[in-house]
Amino acid sequence: MTGRYSHPPNDVHDGVPLVDHLGDVAERVGYVVPADAKAPAGEPLRAVVETLAYVHDFGKATTYFQDYLLRSKEPRYEQYRYHAPLGSFAAYYALSVQNFEPETCLAGFVAVAKHHGRLPDVAAYVFSRANRRENVSRGNQNSAELQQAAIAKQIQDIDEQAPELAREVFQNATDGKGSWSAFRGSFAELLTEVRESTGSSATAINRETLSERCYGLVLECWGSLVLADKTSAAAAASGADASAATYDAEKPTFERLDEYIGSIERTADSDRHGSRSERLNFLRAEARASVLSNVESFADTDGGVATITLPTGMGKTLTGLSAALSVRDRLGGKRVVYALPFTSIIDQVVAEVEEIYQVDTTGRLLTAHHHLSEATIVDERDENADEADANDDVAGMLAESWRAGMTVTTFVQLLESLAGPANRQSMKLPALRDSVVVLDEPQSLPLDWWKLVPRLVRMLTEQYGATVIAMTATQPQLFDDATELVSTPETYFEATERVQYVLDDSATRYIESREEPKSYPEAASAIVDGTAGGSGTVADETSADGSVLAVCNTIDSAQALTTHVTDALSDAISVGSVYADVLESADRNSTDTEAEVVADRVADAEGRPVLHLSTRLRPVDRLRLIETAKLLTERGRSLVVVSTQLVEAGVDISFDRVYRDLAPIDSIVQAAGRCNRSFERDRGHVVVWWLEAPDEQAKTPSEAVYNRGLALLPVATETLDDIGGAEGTIPEATVSKTAVEEYYRRLHDEKNVGKDAYVEYVNDARADELAELSLIEQRRSVEVVVCRTTEERKRVEAVRAAWQNYEFETVRRLVDSLKEASVSVPIYRSDSQEAQALSGLARLHEDTETRWVDTRDARHHSYFDSTTGLVTESSVDNRIL
């Protein structure tokens with residue numbers, strides 16, 4: 001056998017010669033890694049990763065691998081066909097002979113070893129793979145020793161069967177400073193050199209010899225290699241050549257954004273509705289001008305971390321985008337990554353960017369990336385990785401790799417790609433170099449991550465040259481050395497006081513005695529009658545006909561309050577039921593049209609509309625219902641919305657009154673941001689109360705959600721009490737600034753929030769431990785596709801038919817298209833009522849736990865309610881995170 005392939009020929013494409021693939025990956029590295037990028041020791045990062053590219057698949061040159069690839073596919077020489085281990089030692093050698101630092105060589109070793117897998121505990125992995133005990137029998141050999149013996153056998157096979165290829169590869173990889181013969185002859189000594197690079201002995205692993213930048217360096221090498229390798233393999237399958245244009249971004253220009261904002265301001269100036277609106281527009285423009293003025297000096301110091309602290313309703317999205325594009329241009333970056341806590345608000349940001357630049361998310365300017373839009377995750381096991389590479393789609397990979405000029409994504413996608421990413425997730429890491437990353441509403445991050453996130457951000461700014469902008473009305477004080485881009489933020493909080501906070505008697509009782517929460521009938525009466533608190537008085541300017549938002553802490557609580565509000569109203573109109581009639585009467589494709597039709601029907605009906613929102617509604621329905629709610633409030637309808645926390649961030653709807661079940665202060669302030677957003681009246685009212693436990697549950701929703709683990713409610717209520725909560729009413733500025741800052745001070749100083757161990761995982765390059773972390777509390781869940789339209793029913797049937805015909809790519813594509821029609825239900829015990837209820841539903845296909853219901857099928861009527869969504873027996877833990 002003379003030819004050596006990296007990827008085999010098939011009925012459609014010629015095979016890819018191994019040398020061609022190695023050269024192509026090295027060429028692609030030149031497009032992925034900027035020429036000026038440096039490793040921590042000041043070495044050229046591109047040269048490092050190019051070296052890895054030339055040897056990463058060198059182990060495929062063996063007869064054993066070629067037999068596996070081209071002939072039987074049977075594992076006749078199972079221990080000899082794995083190619084990554086040999087490539088990893090070749091990588092270490094090639095870097096070492098070019099005089100790269102030992103830690104750089106170590107990073108290259110790990111990157112090649114795991115270019116089809118996940119990153120390990122770096123020090124332990126390198127030591128175990130390079131450790132060899134002398135004078136032991138085969139029966140006592142450990143896996144590392146067996147692997148080393150296999151590598152020696154592979155080296156011998158290549159030297160006998162493909163020596164010319166080996167010489168060419170090592171000439172390219174070492175830039176002429178090393179050779180195949182030298183590597184072959186010194187393999188035994190190389191084992192010792194690799195082992196000692198960790199500073200380890202045979203009895204202990206000394207992590208102190210690894211620098212704190214080791215983990216970031218491994219990520220840089222690994223992510224760049226994986227992106228170049230996977231896109232090379234996928235392009236070869238389609239006959240595409242490598243070029244810089246493949247990885248280039250189209251930049252969204254600052255000038256176009258500035259022109260768009262200017263047109264909004266001109267329209268607002270010509271259509272003023274009084275002094276309040278005029279004042280708000282003036283303050284928005286002034287705040288943006290302040291930010292852009294400060295960006296100049298911030299960029300002159302080479303960036304780092306900045307904050308934008310502005311009250312809700314001050315146009316933070318456009319101001320943040322303006323700052324990001326300005327910083328990008330001044331620092332010579334290419335990309336902006338805009339990260340948000342919830343998928344429910346991504347579409348709003350994406351829609352605005354699409355309108356500004358007249359694009360969609362399929363081009364090189366804009367990408368939307370979250371779990372509802374992800375492509376299939378490939379099988380990362382080494383033995384299956386070669387088939388997986390060949391089947392990947394280049395366009396999908398480039399979108400997942402954030403190669404567009406702007407990517408709108410979630411905290412999960414961003415931060416979990418830095419903390420122990422899966423193999424495919426690593427492909428986005430090169431795009432972060434010299435980028436501007438916007439963290440919108442960082443206070444939403446889980447408390448356990450509050451020390452890890454600053455550490456990851458430091459890695460971004462120091463090793464990737466990125467700039468990070470944290471933007472919110474309630475800064476959680478995560479970053480010690482951040483530059484505030486808003487001059488005197490307090491002036492905007494004082495000038496934009498739109499609401500007054502009212503502590504209901506039940507909230508006061510919680511502060512004083514932890515007794516007597518508010519009942520749901522009492523709460524419903526307050527909502528319907530327009531009372532602002534426990535005094536029974538009607539709030540000034542907020543009559544019973546005003547629009548109302550009530551934010552609950554659990555799905556059960558929101559359902560209970562919705563029921564009691566509906567019962568308290570003699571003329572209640574369920575917006576969800578009207579939406580169901582519109583949806584099922586005709587299959588429309590336009591969300592905007594559907595929302596307009598629903599709003600028109602509700603507006604024409606006699607009675608008071610009531611809308612329920614929670615994650616038991618499908619994502620597509622939530623978005624449409626939120627748009628419907630916005631239309632109704634803009635038309636002055638006296639809408640009542642009862643929701644879980646999903647409305648607290650980024651939902652651009654204004655209500656006359658907001659009721660918030662007891663919660664941490666930042667959540668209360670976020671809910672208040674939905675009240676009197678554009679100064680529709682002199683003052684809106686935000687009522688904080690303490691709701692009872694629904695359905696005889698043991699704990700109230702507030703205690704069940706916020707007193708698990710670290711007890712947050714005592715900190716929040718004590719802070720409110722200290723700033724004057726006993727008086728019953730609190731000015732907005734006192735809550736938004738004084739209370740927020742004091743609350744976060746107490747969390748940091750008294751509660752010491754954040755896990756120190758998570759930071760140590762980064763410092764010690766413990767990628768294995770980081771991979772176990774998640775921003776979302778991990779519980780088993782069942783996905784349920786809820787079919788409400790003819791098209792969705794056709795897709796489910798198409799999935800089932802494709803599965804029967806073994807058309808697995810079609811199955812994947814169709815299942816992805818059904819994500820927006822799916823509801824995720826947590827399952828806490830296999831014998832729980834939820835699990836039992838869902839077990840009776842049919843699976844989408846035989847090899848999945850995903851179930852489906854048809855709302856028109858009489859057998860499924862008990863599983864769905866047009867107002868509250870998917871119906872299962874639920875527990876207090878089923879909450880919005």
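Reader: How much of the protein chain counts as buried?
Author: Of its 881 residues, 58% count as buried. Buried means under 20% relative accessible area, exposed means over 50%, and partly exposed lies in between, using a 1.4 Å probe and protein chains only. This is a predicted model: local features need pLDDT of at least 70, side-chain atom pairs count only at pLDDT 80 or more, and totals for chains, interfaces and linings use all residues. Residues are numbered from 1 along each chain as its sequence is written, and side-chain values use heavy atoms, with hydrogens and water left out.

Reader: OK, how many helices and strands are there?
Author: The chain has 37 helices and 22 strands. They are DSSP runs numbered from the N terminus: helices are H or I with at least four residues, strands are E with at least two.

Reader: Switching to rings. How many aromatic pairs?
Author: The structure holds 21. Rings of Phe, Tyr and Trp (its six-membered ring) pair if their centres lie within 6.5 Å; planes under 30 degrees apart are stacked, over 60 edge-to-face, and the rest tilted.

Reader: Why is the pair of W450 and Y744 called tilted?
Author: Their planes are at 55 degrees, so the pair is tilted. The ring centres are 5.7 Å apart.

Reader: Where do those two sit in the chain?
Author: W450 is in the loop between β7 (436–440) and α21 (452–463). Y744 is in helix α32 (residues 732–749).

Reader: Buried or exposed, W450 and Y744?
Author: W450 is buried, at 4% relative accessible area. Y744 is buried too, at 1%.

Reader: And what about Y806 and F808?
Author: Their ring centres are 6.2 Å apart and the planes are at 80 degrees, so this pair is edge-to-face. Y806 is exposed at 64% relative accessibility, while F808 is partly exposed at 43%.

Reader: Which charged end sits over the ring of Y510?
Author: That of R514, 4.4 Å from the ring centre. The rule is NZ of Lys or CZ of Arg within 6 Å of the ring centre and within 35 degrees of the ring normal. K428 does this over W402, at 5.2 Å.

Reader: New topic. Which element gives the most to the lining of the second largest pocket?
Author: α21, with six residues.
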